[in-house]
Every structure is written in structure tokens, then in C-alpha cells.
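Have the viewer ready and follow along.

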Amino acid sequence: MRMEIDENGVKHIRLDHTEEPHTPSRMKRRAESPDLTRKAPERAPLKRFLIVCEGKNTETSYFNQFRLPNVFIETVGLGYNTVSLVNKAIEIYSHKSEGDRPDEVWCVFDKDDFSNESFNKALKLAEENDFYCAYSNQAFEYWLILHFINHDGAPLHRNEYNEVINSHINNIGGKYAGKGCKIVNTHLFEILQAKDPATRRSRQELAIERARSIFKRKSEISPARAESVTTVFQLVERIISL
């Protein structure tokens, strides 16, 4: 840009043809301005669990209560036990299409009165097929008991489970029909998830801690002989960690 004065003394401003209205540096800064468009948050990939259960009511009703955004749980209650249960899980998995197959298959069963041989054989068969086992010795309800008491893993017959559970939940409006439908309803599940008044920690957290401690203490014993023990805590940890 330059200034010129004509013969009448009038000033004129002329734009130099070599000068551009927008300098390259200004155009560059404009091109590099940040993108303020809000991007949708990325969701973690869905984790799929197939949980094949011995019981038709207790285990399935319990695991169906877990509703997490990144977890899909398919429960199957068959009434099979030990080896026959694992074989059925193998069959169910093999019939699924590639895109419908779960990330993890868990077999949930009890020791009950089944032979030590069949119980340990079921664990081995599951491992050979890359399946996991959430077993309980004697029964699944022992896992529920650990939400309320720090049981030391001593023998406790499954016929006593119902009374022990109800002794801790009846006074807070809960009920478990261990000699009836054996269903873990929404209210009972909420009690299991709630905080323990004495410790101010969630009962589920306490149950995991107690079950892990007992399992570790008895890890050198054959699973069929390790009473009272449950590995349901391992499955629950997998579900809630996602």
C-alpha cells in the first residue's frame, strides 16, 4: 500500500498489486483452528457371557439380575450336573454361529452328593474346552451366605443354608425360599449389593473377599474335598470388572 498526491494536492491511497489481502500466515492460522465439534463418547466393546447352570432357578435368577451396559449375559438352567452339564455347555457353544459365540463360557454347578471323581472330571473337561467353572462345595447358596458372615470354610451342610440366609435377611424385609422356588428376586439381589451396616462396605465386595480367602487357604486340597468353598466370586469379578 502507498500514498500518492496528485497535482491538486489530493491524497490517494493505492493498493500494491504484489500485496494480497490475506497473508499466508493468517490463512494458515485459520486453517489450523481447533475442531470444536462434540464427538460422541466411545463405548467399550460388549462382553458376552454364556453361563450354563446346574440349577434352573437359583443361579439363573441371580445372574440375570446383573444389568451392566458393556455386558451381555445369557443364562441357561438345565438341571444337569457335573460332567453332563459341561458336555451340554460344549453342545450349546458348538451350535452357535461365529458371530453369536460368547467371549467366555462358564459352567456353574455344585458338589452336592456327586462323586469326587465326576466332580473333578467336570472341572478338567471344562478346562480342556477353554471353559471356566464357578463351582460350590457343597452348593451355590454358600456364596449367598458369604455376603453376610465371614464363614471360615468349615463344613456346613447345604440343608442348613436356607436357615442361615434367612436369619440375616428376614429382619430387613428379605426372604429366600430355599425349600421352595429358590429364586433370587430383585429385592434379595439388592440386599446382596447393599452396604453392610457394620463395615460400610458392599456385601458383594465382602463376599468376594471372603470367598477368595477361603479358596486360597484350601487351594492345595482337591476341589471335590475342599468344603466349604465356592469359586462363584471369580465369575462375579469378571462381570463387574467390565
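Predicted model: local features only at pLDDT ≥ 70, side-chain atom pairs only at ≥ 80, totals over all residues.

Residues are numbered from 1 along each chain as its sequence is written, and side-chain values use heavy atoms, with hydrogens and water left out.

The protein has nine helices and seven strands, taken as DSSP runs (helices H or I, at least four residues; strands E, at least two). Of its 242 residues, 41% are buried (under 20% relative accessible area; exposed is over 50%, partly exposed in between, with a 1.4 Å probe and protein chains only).

Now look at helix H7 (residues 186-193), where Leu-188, Phe-189, Ile-191 and Leu-192 are buried. Seen down the axis, these buried residues fall within an arc of 155 degrees, so they line one face of H7; the arc is that of the directions from the helix axis to the C-beta atoms. Their cover includes helices H2, H5, H6 and H8, counting contacts as heavy atoms within 4.5 Å.

The model holds 13 salt bridges (a side-chain nitrogen of Lys or Arg within 4 Å of a carboxyl oxygen of Asp or Glu). Among them are these:

| Pair | N to O distance |
|---|---|
| Glu-74 and Lys-96 | 3.0 Å |
| Arg-101 and Glu-98 | 4.0 Å |
| Arg-201 and Glu-205 | 3.1 Å |

Glu-74 is partly exposed at 25% relative accessibility, whereas Lys-96 is buried at 13%.
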